[in-house]
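Good morning, everyone. Please take a moment to look at the model on the screen, and then I will walk you through a few of its features.

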Amino acid sequence: MTNFSIAPDTMTKLTRMGDVTFFEPAGDSPHEERHARHKRAPQEFQSRGLEDCISQVSTPTGAKPILKSMLTTACERNCFYCPFRAGRTRTERITISPDDMAHATDALARAGKITGIFLSSGIIKGSVTTQDKIIDTAEILRRKYRYRGYIHLKVMPGAEEAQLYRSMQLADRVSINLEGPTVERLAALAPKKEFDRELLGLLHVAAKIRREHPHERLARPVTQFVVGAVGDTDAELLTLTSQLYARLGLARAYYSAFEPVLQTPLENTRPTEPLRERRLYQSSFLLRDYGWDVEDLPFVDAGNLRQDVDPKTAWADIHLKQAPIDLATAERHDLLRVPGIGPRYADLIVQARGRGRLTDLNDLRRLGIAAPEKAAPYILLGGRAVPVQQSLF
Ligand code: SF4
């Protein structure tokens, strides 16, 4: 890293920070993002090189190298799951000024090392002071350095409306993390955070700002939940997610399977199965992109989803095995109920049947549907059930 200039002190600090935002998803494939970083000691949260601060993040316009960093790893709050909680001696506390962070980001971008920044922070001297520093960093980047790259900003719990508005003007995405799906779950995870006033209230304010400025380019909010540490159920998480999509214009919900961090109150709590995180994402997309209601999701014991099968297949096993969907006549929203058929394939099927009959799985393959066998038990083709070849092995 010699072909660009960052003050040695800032470079050292950034390098020592490393993947401090390990648990903070910045893109569309948080699972891959996190697991690419998980090969090394995940409990340390401190790094060996600048490359540890840069993640390949999946975005709607392709994978981007993003600097994921914090203005400070010190924090006056004590969230039970967090490596940066006050009093944890294993965390090295490092602080970078907005000027230095902006300069380093610009230098890395000019050198072609990154195309964006995800910026978070521990809370010092309150949320408002901390949010000011986050905003300052983005202001300096956009104004002084004329930086046009991707910016994703964390919004501190309880930030002011004007701060949220400015953050939404400066950034491409803003994160307002709810952490838990109810007041009680949040209290068990982060006793100093207030669910309604500091977090859910901010998501309402973000929606209000967007309503009041319909023609302005404003970042949409995302949120994150810590899953599985304090008895939260999939039904709780997805009911709230569905309301956030429908009423508050949430761009994306992230689910972070809980992993215990040494020297925190939850250090002896069992980690959450990654498969649970995956089922939550699949369900979340059904709610956001497939027109599903939360009541459609096939919750089983105590409000959780089956983990052995994806939620769409679980639903189809109950509802479509005896009443398959006729691809010749089904409405688009019914096609979206069939495993293996997403929005794009549903459109292709509707277009194709205007041109002729779909009579067997090869017709679906010719449309580009990669694995029509997945849909086969739940559909009629040419008015008949589709014979499914049993595997001999
Ligand atoms: S406020 Fe944020 S940084 Fe501070 S302890 Fe809680 S989660 Fe960690």
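Predicted model: local features only at pLDDT ≥ 70, side-chain atom pairs only at ≥ 80, totals over all residues.

**Burial, strands and the ligand shell**

Of the 393 residues of the protein, 45% count as buried, where buried means that 20 or more other C-beta atoms, placed from the backbone, lie within 10 Å of the residue's own. Residues are numbered from 1 along each chain as its sequence is written.

The protein has 13 helices and ten strands, which are DSSP runs numbered from the N terminus, helices being H or I with at least four residues and strands E with at least two. Strand S2 (residues 62-70) runs parallel to strand S3 (residues 116-120), and five bridges join them; strands pair if DSSP finds at least two bridges between them. Within this pairing, Leu67 stands opposite Ile117 in S3.

Elsewhere, S8, S9 and S10 form, in that order, an open sheet of three strands with mixed pairing. Its edge strands are S8 (325-326) and S10 (384-385), each of which pairs on one side only. S9 (residues 379-381) and S10 are antiparallel over two bridges, and Leu381 has Arg384 in S10 as its bridge partner.

Finally, which residues are around the ligand? They are Cys75, Arg77, Cys79, Cys82, Phe84, Arg85, Gly122, Ile123 and Ala190, counted as near if the C-beta atom, placed from the backbone, lies within 6 Å of the molecule.

Terms used. Buried ≥ 20, exposed ≤ 12 C-beta atoms within 10 Å, placed from the backbone.
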